[in-house]
Amino acid sequence: KLSLYKVGRSYLKTEDDIADAMQETILKAYHSIHKVKENHFFKTWLTRIMINECINILRKNQRMIPVEEF
């Protein structure tokens, strides 16, 4: 868990975004665990999912326009 948090912290600003990324990462990993070919690659695979989730959240946040700008 701590290494996922550290990855999230390096990409995202808010604790809520980090928690969302971690939750999505764990959910996706759970549904796709059968795709891991070798056990020693599990941490790398999980970290890659986390990075992709962080990037998705960053993209989503860029599309949002703050209310103050209206």
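**View 1. E15 and R9 form a salt bridge.** E15 is partly exposed, with a relative accessible area of 44%. Here, buried means under 20% relative accessible area, exposed over 50%, and partly exposed in between, using a 1.4 Å probe and protein chains only. R9 is also partly exposed, at 39% relative accessibility. The closest N and O atoms of E15 and R9 are 3.9 Å apart. A salt bridge is a side-chain nitrogen of Lys or Arg within 4 Å of a carboxyl oxygen of Asp or Glu. The model is predicted: local features need pLDDT of at least 70, side-chain atom pairs count only at pLDDT 80 or more, and totals for chains, interfaces and linings use all residues. Residues are numbered from 1 along each chain as its sequence is written, and side-chain values use heavy atoms, leaving out hydrogens and water.

**View 2. K28 and E53 form a salt bridge.** The closest N and O atoms of this pair are 2.5 Å apart. K28 lies in helix α2 and E53 in helix α3, so the pair ties together parts that are 25 residues apart in sequence. Helices (H or I, at least four residues) and strands (E, at least two) are DSSP runs, numbered from the N terminus. K28 is partly exposed, at 38%. E53 is buried, with 6% relative accessibility. How many salt bridges does a search of the whole structure find? It finds two.

**View 3. Helix α2 spans residues 15-32.** The helix has 18 residues. From first C-alpha to last, α2 reaches 26 Å, close to the 26 Å expected at 1.5 Å a residue. That expected span is 1.5 Å times one less than the number of residues.

View 4. The buried residues of α2 are D17, I18, A21, M22, T25, A29 and S32. An α-helix has 3.6 residues a turn, so residues three or four places apart point the same way. The buried residues of α2 pack against α1 (2-11) and α3 (42-63). Contact means heavy atoms within 4.5 Å. On the other side of α2, D16, Q23, Y30 and H31 are exposed.

**View 5. K35 sits in the loop between α2 and α3.** K35 is exposed, at 54% relative accessibility. K35 and W45 are ten residues apart in sequence. In space, their C-alpha atoms are 9.7 Å apart.
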